[in-house]
Amino acid sequence: MCDVLIVDEDLAARQHVRGLLASGEYQYLRVTEADSATRALPIVRQHHPFVVLYDPSVPDAGGLEFGRKIKEHDPLIHVVVHSQLKMFEFVYQAVNQGFDGYLLKPVIREELYHLFGRLIQNDLRHSLHRGAKRALVTRQESPADLGNPIESAIAYIEEHFHEPISLQEVAERVYLSPSYFSRLFKSEVGTTFIDYLTQYRIQKSKMLLRVTSLPIEVIANNTGFSNSSYFSTTFKRIVGRTPSEYRAMMSALKERADGARSQENKADHE
């Protein structure tokens with residue numbers, strides 16, 4: 001799975017962003033890198049990352065065209081331009097295309113974190129108020145791609161993870177028998193359908209635990225678990241901590257990171 005996809009032919013630039021994310025409050029996000037748009041597109045189509053951060057100067061990106069392709073594929077993927085160009089017209093075009101942010105190289109921690117905080121809060125509002133989201137965001141459920149049944153199944157999981165989902169239901173959606181679909185899914189993805197669905201729900205719940213103070217029961221209900229007891233048991237089995245313990249641990253990490261940044265800023269001004 002992939003939460004953040006960094007697309008840049010400059011290895012140092014990719015590692016700089018990855019390092020900023022790994023060293024602070026967003027270290028839980030899973031980061032994937034690609035040095036070209038050609039290599040990035042299959043990752044986008046398979047994993048539907050939360051954010052794609054890319055440099056339009058990548059030779060095969062076609063400038064802003066790569067970002068447009070991502071938005072056409074999935075309007076809910078956040079597209080952020082990461083460039084050395086400080087040109088009003090370029091920024092205006094990116095915003096006009098519906099992109100979600102523009103960061104100048106070399107990006108600084110505060111700007112990156114502020115942007116991610118804004119995007120996550122927006123994403124959470126959409127996730128927790130799906131009725132309003134459907135009224136505000138035009139995203140009709142696309143028909144199953146019979147040529148790519150597993151890709152269609154994964155896309156369905158990512159759109160409906162908060163609802164009751166069964167293997168038989170998804171198999172019928174892609175016009176395969178449950179037994180064959182189960183074997184094909186494991187062959188292509190490397191894990192069973194149930195394990196993939198459960199892991200995806202746990203990752204979504206971790207984000208909610210990380211950035212909200214919502215009760216555990218509310219988080220369980222909004223990530224597809226039938227009740228908070230089953231959610232807590234499953235969470236501990238996979239993560240190694242209960243949801244409450246995980247929330248406390250991540251809160252402590254954030255406090256330490258904030259304290260370290262405060263000390264750095266204080267030292268810079270002395």
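User: Hi! Which residue of strand 5 stands opposite Val80?

Analyst: Gly101 does. Keep in mind that this is a predicted model. The two residues belong to a parallel pairing of strand 4 with strand 5 (residues 101-104), which has 4 bridges.

User: Nice. What about strand 3, how does that run relative to strand 4, parallel or antiparallel?

Analyst: Parallel, with 4 bridges joining strand 3 (residues 51-54) to strand 4. Between strands 3 and 4 the chain passes through helix 3 (residues 65-73), making a right-handed β-α-β crossover.

User: Is strand 4 itself buried or exposed?

Analyst: Buried: 6 of the 6 residues in strand 4 (residues 78-83) are, so the strand is largely enclosed by the rest of the structure.

User: And which way do its side chains point?

Analyst: His78, Val80 and His82 point one way, while Val79, Val81 and Ser83 point the other way, and all are buried. As background, side chains in a regular strand alternate between the two faces of the sheet.

User: Switching to aromatics. How many pairs are there in the whole structure?

Analyst: A search turns up 12 aromatic pairs. In one of them, the ring centres of Tyr26 and Phe116 are 5.8 Å apart with the planes at 45 degrees, so the pair is tilted. Tyr26 sits in the loop between helix 1 (11-22) and strand 2 (31-34), and Phe116 in helix 5 (residues 109-128), so the pair ties together parts 90 residues apart in sequence.

User: Are those two buried or exposed?

Analyst: Tyr26 has 5% relative accessibility and counts as buried. Phe116, at 1%, counts as buried too.

User: Which residues form a ring cluster?

Analyst: Phe225, Tyr230, Phe231, Phe235 and Tyr246 are linked into a cluster by ring pairs.

User: Back to helix 10, how far does it reach?

Analyst: Helix 10 (residues 193-211) reaches 28 Å from its first C-alpha to its last, close to the expected 27 Å. Of its 19 residues, 14 are buried, so helix 10 is largely enclosed by the rest of the structure.

User: Last one: how many helices and strands does the chain have?

Analyst: The chain has 13 helices and 5 strands. Buried residues make up 44% of its 270 residues.

Definitions and conventions. Residues numbered from 1 in each chain as written. Predicted model: local features only at pLDDT ≥ 70, side-chain atom pairs only at ≥ 80, totals over all residues. Heavy atoms only, no water. Expected span 1.5 Å × (residues − 1). Buried < 20%, exposed > 50% of the residue type's maximum accessible area, 1.4 Å probe, protein only. Phe/Tyr/Trp six-rings, centres within 6.5 Å; stacked < 30°, edge-to-face > 60°. Pairing = 2+ DSSP bridges. Right-handed = clockwise from strand over helix to strand, strands pointing away.
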